[in-house]
There are 2 protein chains.
Amino acid sequence: MGILIVGTITLDTVQTPTEKVEDVLGGSGTYAAVAASFFGNPVRLIGVVGADFPSTYTDFLQTRGIDLEGVTRVQDGKSFRWGGKYTDDLNVRDTLFTELNIVADFNPVLPDTYKDTSYLFLANDPPQLQLSIIEQVSNPKLVVSDTMDFWINEQREALEKTIERVDILILNDSEAKLLTGESNLLHAARAILRYGPKRVIIKKGEHGAISITETSFFSAPAYPLTEVTDPTGAGDSFAGGFMGYLASVDDISEGSIRKAMMYGTVVASFNIEDFSINRQKSVQFSEIEARYQKLQDAVQF
Amino acid sequence: MGILIVGTITLDTVQTPTEKVEDVLGGSGTYAAVAASFFGNPVRLIGVVGADFPSTYTDFLQTRGIDLEGVTRVQDGKSFRWGGKYTDDLNVRDTLFTELNIVADFNPVLPDTYKDTSYLFLANDPPQLQLSIIEQVSNPKLVVSDTMDFWINEQREALEKTIERVDILILNDSEAKLLTGESNLLHAARAILRYGPKRVIIKKGEHGAISITETSFFSAPAYPLTEVTDPTGAGDSFAGGFMGYLASVDDISEGSIRKAMMYGTVVASFNIEDFSINRQKSVQFSEIEARYQKLQDAVQF
């Protein structure tokens, strides 16, 4: 089944304690689409790039089978640029700059062929943009969205209207607390369910993730990694892998959701082993399966 | 099989955002022994109390079947007193006071009947005291110890000598990082294995725990609790439940260790629902089993 991913496609500058890279391929849409592309189903990407966006990057996305018909290239505009710096233990990130450029005025109109999409993932974007996409898609089987602290603080009303329309909200633990004012994650999750989503998935970084519905609780372990190079894009890779697996089995039961979270966890674990999507270029599906099995073993008791 | 627990037996003053209790029964030995007592095997406790220690507290411990022959009452001394205050989300604790009193000069000599102990748990105590107990016990099947930041900072050399002699070291994530200087918990765990233990169990509070050996990795979820009253004693309850289960099955295989960690998690989850060991007074084993099953379900994928 087809997956539609809406998110940013950016040029990132990332500094870690040991290395710095400039203008590498990044963005929530990029990470999610690359992650989803491992699972063999058509992946369509909606986003915008500027005249400065290297064609080698779009070429790469196409080699992954990612359909870029929905990616607009603004010939007189500059691409979204983001810069971030990680502190010593790679768990804390400071944003150095965010140049929205062409993204500020991006109001995507879906190509007709995109409207009939079963699996829709709205990566981090302005809530109104996310809502506009939801309204353009006809009868999707599953709508999942991410968000971030900026929209919670600055566009709360619009965000609440968007959340009301999604089936699953994915966000990280600090965002869940910020959105609800609850310090206990279970209380926060239940408060979010009252906004409308049927399920909340809370990402906890190196501590894994949890999934909560009115009647279920799932605790997903993190993959035990010793070599982390760059955590950028981990959350989007998780979500992309999650969507990719669900579309591949075309099933959104509790059992499939849990397996999808673990495939998302595995794909994200590869992503953070190198900058940008570099590690993903060489990952074989057999390696994904091997880590999935290792996680299966890691929780058996 | 018999369990020997060495730890503190204290009078605690605990302040949470909503309530304050004074001189309640506490201490690492107390929490661990009460937790271990759920599993039906003889539990022996080594510790010291002062003339001011209420007999209602020792009476309670005896109603749990805990053998207090190894608990010394110093008639001209004052009990260990500890005071702590929790901030709003109950995840951060400030120690308000620590009055060691009689504990400062405590050098326990094991009763002869205690020397033949299969399962030894050394709760948080000075490393030399822990080592002295190890040297007094003949041929134990399993020696487990806890420690804390204070000993890591102040008595590192003695601590290293003690760790070398234990089978399993249990400590929390910040202590593991402090002890090894590693920010990645897997690196930290492997560094600790090089000191001598066969296994390291790292407690991560609301994020569960992990167990690491040279050849295995286990990720234990936390129990999803919505009502936390007082986290004091959670780590010791975890360790006590862990030891209690292992002694009850008299098996220290990987499979039993994992189950023991989950029973420890469950017992600790009850403990933090009320101050002191109050919640434990009414917990039925069927309630422990129910939460254990819920955790089984929470990790299935």
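This is a predicted model: local features need pLDDT of at least 70, side-chain atom pairs count only at pLDDT 80 or more; totals for chains, interfaces and linings use all residues.

Modeller: Residues are numbered from 1 along each chain as its sequence is written, while chains are lettered from A and ligands numbered from 1 in the order in which they are written.

Biologist: How many residues does the contact take from chain A and from chain B?

Modeller: Two residues are in contact if their C-beta atoms, placed from the backbone, lie within 7 Å. Chain A gives 20 residues and chain B gives 20 residues. On chain A, the elements that each supply at least two residues include helix 9 (254-271) and helix 10 (285-299); helices (H or I, at least four residues) and strands (E, at least two) are DSSP runs, numbered from the N terminus. Because 100% of the interface residues of chain A are also interface residues in chain B, the copies meet through the same surface.

Biologist: At what angle do helix 10 and helix 11 of chain B pack?

Modeller: Axes are lines fitted to C-alpha atoms, for helices over the stretch in contact, and angles run from 0 to 180 degrees between N-to-C directions. For helix 10 and helix 11 of chain B the angle is about 120°, and the axes are 9 Å apart. These two helices are therefore oblique to each other, given that angles under 35 degrees count as roughly parallel, over 145 as roughly antiparallel, 65 to 115 as roughly perpendicular and the rest as oblique. Among the contact residues are B:M262 and B:V266 of helix 10 and B:I288 and B:L295 of helix 11.

Biologist: Is B:S276 buried or exposed?

Modeller: A residue is buried if 20 or more other C-beta atoms lie within 10 Å of its own, exposed if 12 or fewer, and partly exposed in between, with C-beta atoms placed from the backbone. B:S276 has 23 C-beta neighbours inside 10 Å, so it counts as buried. B:S276 sits in the loop between helix 10 (254-271) and helix 11 (285-299) of chain B, and its phi is positive, about 50°, although it is not a glycine.
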